[in-house]
Amino acid sequence: MSAPYVSKTADADGRFNYDAEETDVWRTLYTRQMKTLAPFACRAYLDGQAQLGFSPDHIPQVSEVDARLGELTGAGVEPVAALIPQKQFSTLLSQRRFPVATFIRRREDLDYIEEPDIFHEVFGHCPMLTDPEFCKFMERFGELALSLPAGQIKRLYRLWWFTVEFGLIREDGQIKAFGAGIMSSPSEAAHAAAGQAETLPFDLLTIFRTDYRIDIVQPVYFVIDDFGQLAESLNADIPSLLEEAERKGDLPRRFDLAA
Ligand SMILES: [Fe+2]
């Protein structure tokens, strides 16, 4: 088993330093992912990448991404050591601030790591934070999470999983991706782009009744029509829908439970 990842510490100027090997891991991942994503990522994601000035040759500095997002949508990124408690996570979202880990995976973990690294956080998530409707969804999702009783949070976060992490969108009659778990994972991107997995129309109750596993490629994806639909979905009576989902129970699983 390889050594656990250690979070990076910013220098006196607030910069995180990456060595040549780490930059090369970024370059390898970036180049490989763009072969799949250039035709498969949604417009908002690709435009966002351009607006943030991402390049294969340079791991972006969190402070630079933060400043640019602030200009574009009033969103921002907050460097965090690792996975943070749900309440802290939801609070940051409600402030339009996205928590980001700053370490990068090692070459032997190129295809998959369970914990989010900077390639997932910045390459995967940040381009979507340039979209105003997406940011509205994020902010309201955070507020909602903070307002719900603890017993409903896990089910609510299924909505986060099936959209922000693994969402698909219909664009000009084609299905495109916007979820960061697809953008940052070579195996997930290839699987989703191949169109073999089941796709379902975006529906809150169905999502709240759909379980998932974090360590397999997803057997089902939900497809939104546009980001306005996503933001407006939170106008629904979410506590009642969560209660209804709880009462009706989960839909049959499309995967085996982990051993
Ligand atoms: Fe994520």
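Me: Which residue is the bridge partner of I169 in β6?

Reply: Let's take the general idea before the case. Strands of a sheet pair through backbone hydrogen bonds, either parallel or antiparallel. In this predicted model, I169 has I224 in β6 as its bridge partner. The two strands involved, β3 (residues 168-171) and β6 (residues 220-224), run in the parallel sense and share 2 bridges.

Me: In which sense do β3 and β4 pair?

Reply: Here the pairing is antiparallel, over 4 bridges. Look for L168, which stands opposite A177 in β4. The two strands make a hairpin with 2 residues between them, and in the turn D172 has a positive phi of about 50°.

Me: What is the order of the strands in the sheet?

Reply: Read across the open sheet and you find β4-β3-β6-β5, 4 strands with mixed pairing. At the edges are β4 and β5 (198-201), each of which pairs on one side only. From one strand to the next, the twist averages 40°.

Me: Now the helices. Which residues of α1 are buried?

Reply: Start with the general idea again. An α-helix has 3.6 residues a turn, so residues three or four places apart point the same way. In α1, the buried residues are V25, W26, L29, Q33, T36, L37 and F40.

Me: Where does α1 bend?

Reply: Find M34, where α1 bends by about 40°. From first C-alpha to last, the 21 residues of this helix (20-40) reach 29 Å, close to the 30 Å expected at 1.5 Å a residue.

Me: What span should helix α7 have?

Reply: Helix α7 (residues 150-165) has 16 residues, so at 1.5 Å a residue α7 should span 22 Å; its end C-alpha atoms are 22 Å apart, which agrees.

Me: What do the buried residues of α7 pack against?

Reply: Their partners are α6, α8, α10 (204-208), β6, α11 (227-233) and α12 (238-248). Among the buried residues of α7 are L156, W160, F162 and V164, and also R155, R158 and E165.

Note on methods: Residues numbered from 1 in each chain as written. Predicted model: local features only at pLDDT ≥ 70, side-chain atom pairs only at ≥ 80, totals over all residues. Expected span 1.5 Å × (residues − 1). Bend = angle between axes of the 7 residues up to and from the residue. Buried ≥ 20, exposed ≤ 12 C-beta atoms within 10 Å, placed from the backbone. Pairing = 2+ DSSP bridges. Axes fitted to C-alpha atoms, helices over the stretch in contact; angles between N-to-C directions. Contact = placed C-beta atoms within 7 Å.
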